[in-house]
Each structure stands twice: as C-alpha cells, then as structure tokens.
Amino acid sequence: MAGEQPETIVEEREELMVPLTTDPNPTLRTAHFLKPSLASINQQPLFKPPSLSSPLTDFEPGEWPLKLVFTGWIDPQKNWKTWVDQMHPQHQSTWRKAGINEAIMCSTYKTRRNHDLFWGLAERWCPSTNSFIFPWGETTITLEDIIVLGGFSVIGEPVSKPLETTELMKLEENLLKLLTQLKKTLKSCHQEWMKRFMGKGSELEHIAFLFLWLSRYVFGQKFPNTIGGNLLSVAIHLARGTRLALGPAVLASIYRDLSLLKETIIASTELRMDGSDGDVLSLTLQAPLRLVQVWAWERFPGLRPEPNAMNHGEPRIARWHGLKRLKIENVRMVLDSAQDCFQWRPYATTMSNWSFPKFYIEKEEWMVVDSYLDQELQSFAQCLRVCELVGIDCIELYLPHRVAMQFGIDQDLPCTVTKSHESPETAWSNYGKPIWNAKLYVPSRLFEGDVTTQYLSWWKQSTWPSQAAFTGVIRQPRSLRRSRRSLWGSTVKKEVDDNAEVPPGFLHKYNMVYPRTSESYLRSSKGKKGDNDGDVPPGFDHRSNLIHQIEKTKQNEAVPRGSEGAAEAANESDVYNTPKMNDNEGQNRSYKAVEIPGLELEARISRLERVIAELKAERLAARFTSITKQ
C-alpha cells in the first residue's frame, strides 16, 4: 500500500555499548539491534530477567531415576550410506531444488552421544524462553544452526502442505495400504523397509527412500524403529522437488524435547529425593538432538574432542563424525565459566575446505529484501525474525532477539514475546509472511557484538553480584574484532565441598525448591497426583504423548518388539538408562570423572596471548571462588 512503512528486522541507533564478558568503560557508537527491543529499562511492559537455571540437585545424572529413548538420534543403519550413494546421482538435482541435498548427506555421519554434556545443557534449558541460561549470558540453537549443521531449508512451503492432485493422493493411499500390511506382519521396521525398496529403480523407490529418511533421521517416531505414516505426504512433495521448510519444523521439535527433558529431570529429582526406590520416569525424545550436541561442540572449545579435518564438499557435521566423547572432570563448571571462550560466531572462522554461507560477508552491508535476493540471504533474514515455529505436532516460540550476538548483531533489552496460541495455519502464515522491500542489515563476519549498558545492568539483576556503575564514557566508532580467545589450562583438578561448585546466582542444594510436575504427563506409580495444569510452563501444551510411563524397571530392561524386529530394535532404539557410577565399559560417567585435557593451540596465537589467557583464567577462578563463598 502507498505510504505503508516497510517492515524492519534490524534497528540502528547510537548507544553506550560494553562487552558482555568484561566490565570496561562503555563506548558510545552506532549499534544494530534485532527487534523487538526496549528503548529503556523502565519502558512498559515491565519484565524480569531470565531466571538462572540452577543445578537441579546435588545428585549426579547417574543417580536420576530416568530412562530415555532417543528415537531421533540414531546411527546410520547398515547399507544406508550405500543407498544414499545409489540415489544421489539420479536425484541430486531434485534434492537441491527441494532444499534437502545437504541434509540427506548429513544423515550418513555418526555422532556419538556425550551423556554428561547433554545432561549439563538440559539443566540449563529454560522452557519459557527456549534458550540456555548461563551465569555469563543467554544462548540457544537457532535457525542459522539448523541451516549450517543440519543442512535444512528454513524457507519454502509448510510441512503440512496437503497433496493437491488426484494422482498424488492416490499414490499416498497405496503406500499407506502397503505400510499397514507390513505392520501386520511385523516387517515395517527400518531395515525391512530398506530391503523391500532398495534398488527398485522407480519413483516409488525414491519416495520410500525419503519416507525412511524422514522417519529415522529427521522426525523420530514415538516408538523406535518404526515408519511414520504422517510423513508420507512430506516425502511425496520432496520427491517432486517441492521446497518445504523442514528447518523450522526440526527446530520446533528440538525445543519441544529439550523442554520435556528439563521438566522430566525436575520430576526425577523429586522421586529421588522422596526415596521412591524403583520408580523410574520414561521419556521418548523424537527430535534430532545430535544437533544440540554438535552445536555445543562448535561453541564450547573446552567440551569438544579434536575435530576431523573436512574434505572438499563435505557438510560441516563431518567434523564430528565418529568422535569419542571427551572426558571432562566437571561439565557444569566448564559450562558456567565459559564466558571468555564461548564462540558466538563459530561459522565465521576460516577453515580448510569450508565455504562460508553467503550471509557471511567481509564488510557490513544493508540490502533490500526482494524476490531477486539470493535464497541464502533470504534465509538469513528469516533467521533474525521473532516468530512461532510450526512443527509436525507442536508450535514453539523462536526468539532470536534474545541471542543477537550469535548473528554478529548487538544485544539490547529484549521485549517479552508470548505464545499466541493460534492454529498451526495462522502460526505458519505469520512465519512465512513475505518481507519484501524491507532493508536487511548483514554484519561483517569479523564483527562480534556487544551489549548495551542497560542490558548488562538488567542481566546482572539475576546472575551477577552488584558492581560499581560505569564511569568515563568514551565516544568511538564501531570496530571489527575477531572472536575473543581464551585458553584453558591443561588440567583442572580442585577439591571442593558440596556447595562450592554452585556458580553465582545459583541456589545451594539445601535451599532448592522443586516445582511439581504436571499430572497431565507424569503419573506416579504410587498413585500421587498433582495439579492438572499448574506446572505446564506458560505457552506450552500438555506433553502426555511423549512420556510413556512411570514404571518399576530394571536397568537392563528389554525393548518390547515383535519377533522379527526385536534384534534391530534392541540395537537401534537407543534406550538410555541413566547409569550408576560406572557403566559397562568401566568408565565413570560422573560429572567429576577425570581431567580436562588441554586444547590444541592455533599456530597464530602468540606467546603473549597465552600468558594473558592464563592470567584471565586465574582471575576467573578467583572470582568464582570468592563469590561462591559469600
């Protein structure tokens, strides 16, 4: 319409800026912020800083009465890579058109689960903001990570797009009949599905291939080793080259499962503290949660193993293929003290055989978003927009304005955004709303954002002790700087008492209060019932469809399967019972197991930088020690 103001995603204005991790004199410069943000800490509506998610208990994860089934984090099955290699030459152009080529290639790589790291991240998850809350800042896995690590498209048609022709609907009907027949004969497992269609050389094989890929590697099913009939229309669309926005649906499932896991961990600690011996909570996690672990490896140098060298043409996830978990003395401590080494923009670093996405440019630039804009830049614009993510069976808030520094953009006070509780169709309409003729700010890949002084003051209200006000304001222009580097010592070994490890802002274990868990998805075997709705987080639906049971079980409980699929289910369902102090390999899974090995040193880091980093580490350790003793 004439005179209508174009939508803007990034706002530019002068502000007093400071680095998040240090406390120097602020500088007055032109900064860029994601919308929506508050111009003042006193601006309405009033809001509170995010709660620092404290360690839920002094119990180790191995002592939690919790059984997890990872149906969305399964290793590539036998002959899967062979099938991918057979299908790739014929269908590569279709996969690229549909935006799934790299995502399919990613499914051929194996990511070994680091349970200690995964538990540590889950403890820090905040369901109300869909983000990790650490003492030093707020972060999350974003659509950008889904693009780079998973290879999924964030633009295109919704995953709920119906089949619109009689031909396609008839094809879906026939395949559903076949799937029903296979289920009756207990031959609908993944391996049997592959045997039936692999090498047939027809369009039906292509659809069956994509159907298995979606069910096993993208949207895990409620029951292990099964094919999801609700994904058949998705497979048919992709086989025809229709670009579907799988990215937001994948991220919605990740957010959903992290929130479920956090709530279940809280419930499991209640059982443990109540002395309910034999009661075990069971939870099925269907999302591709390996992306969360890879996200952490990319950003926390102190928690990752030595990455593989990438070959030309490989997806980025190949860096982590088959690597054994790093033995960490105390995962919680590493996570909570990572402010000087957290990599806000890991994908901006030059790496052999790694091609930057097109939205990583050398010099900042304002661009007009229109139909002529490259798809990768359109995708970057989508990554910056606050919205709701529509999944296969869930809707989740996406709040990039809370973690702007992950995009190379400055951080200001984020506005509170609440879930709309609209229908999936309305939520998708808002997500896919065109932003033509809007101006998009793309930062330099070398730039690392700061925070406003009011944001730092707001953040300290919940996470840091009060400190003196800023003085000596200096006016200076924006500057480019590479990611700050910090080196951990070769080992960290320190004897502490039960409460000394509690970071600033955390409650000591004897002061913790555990919220009750909703009876809508947790049921005690002793018949205890809680409130019907009171413990469901704001904006969240009931989650009874994923938490199967609370049962008396043994650690070596078998997976119930049909006769023919039993062996595969036992090997591939990825059931994880939280172990006791030692697992069957004789390795200690405690958070306080062994040393933290030294990180590899980049050749370009000078001796002076190493000395400075060591001094920073000593100062950091002294700060945490003094705070925790207060």
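Predicted model: local features only at pLDDT ≥ 70, side-chain atom pairs only at ≥ 80, totals over all residues.
Residues are numbered from 1 along each chain as its sequence is written, and side-chain values use heavy atoms, with hydrogens and water left out. Local features need pLDDT of at least 70 and side-chain atom pairs count only at pLDDT 80 or more, whereas totals for chains, interfaces and linings use all residues. Helices (H or I, at least four residues) and strands (E, at least two) are DSSP runs, numbered from the N terminus.

Two packed helices are described by the angle between their axes and the distance between the axes. Axes are lines fitted to C-alpha atoms, for helices over the stretch in contact, and angles run from 0 to 180 degrees between N-to-C directions. Helix 4 (residues 143–150) and helix 10 (residues 290–299) have axes that come within 11 Å and cross at roughly 95 degrees. Helix 4 and helix 10 are therefore roughly perpendicular to each other (angles under 35 degrees count as roughly parallel, over 145 as roughly antiparallel, 65 to 115 as roughly perpendicular and the rest as oblique). On the side of helix 4, the contact (heavy atoms within 4.5 Å) is made by E144, D145, I146, L149 and G150. Helix 10 contributes L291, V294, W295, E298 and R299. By class, the residues of this contact of helix 4 with helix 10 are 5 nonpolar, 1 polar and 4 charged. In this division, Ala, Val, Leu, Ile, Met, Phe, Trp, Tyr, Cys and Pro count as nonpolar, Asp, Glu, Lys and Arg as charged, and the others, Gly among them, as polar.

A second pair consists of helix 5 (residues 166–184) and helix 8 (residues 232–239), whose axes come within 10 Å and cross at roughly 130 degrees. That angle makes helix 5 oblique to helix 8. The crossing of helix 5 and helix 8 is right-handed (a crossing is left-handed if the near helix is turned anticlockwise from the far one by less than a right angle, and right-handed if clockwise). From helix 5, L168, L171, E172, L175 and L176 meet L232, S233 and I236 of helix 8. The residues of the contact of helix 5 with helix 8 comprise 6 nonpolar, 1 polar and 1 charged.

Buried means under 20% relative accessible area, exposed over 50%, and partly exposed in between (1.4 Å probe, protein chains only). In helix 3 (115–123), 9 of 9 residues are buried. These buried residues are H115, D116, L117, F118, W119, G120, L121, A122 and E123. Helix 6 (residues 190–197) is also mostly covered, with 6 of its 8 residues buried. The buried residues of helix 6 are H190, Q191, E192, W193, M194 and F197. Helix 6 is followed by G199, which has a positive phi near 85 degrees.

N114 is located in the loop between helix 2 (101–106) and helix 3. With 3% relative accessibility, N114 counts as buried. At the start of helix 3, a side-chain oxygen of N114 reaches to within 3.2 Å of the backbone nitrogen of D116. A polar atom of the N114 side chain also lies 3.1 Å from the backbone nitrogen of L117. These are polar contacts: pairs of N or O atoms within 3.5 Å, where, within protein, one must be able to donate a hydrogen and the other to accept it, and residues adjacent in sequence count only if both atoms are side-chain atoms. Apart from neighbours within four places in sequence, N114 is in contact with Q293, R325 and L326.

The loop between helix 7 (203–218) and helix 8 contains G229. G229 counts as partly exposed, at 27% relative accessibility. Residues up to four places away in sequence not being counted, G229 touches L176, L179 and F211. The C-alpha atoms of G229 and F211 are 8.7 Å apart, with the two residues separated by 18 residues in sequence. N225 also has its place in the loop between helix 7 and helix 8. N225 is not a glycine, yet its phi is positive, near 65 degrees. The relative accessible area of N225 is 3%, and N225 is buried.

Positive phi also occurs at N79, again not a glycine, with a value of about 70 degrees. N79 is found in the loop between strand 3 and helix 1 (80–98). At 37% relative accessibility, N79 counts as partly exposed. In the loop between strand 2 (27–34) and strand 3 (66–70) lies P36. The peptide bond from K35 to P36 is cis, with omega near 0 degrees.
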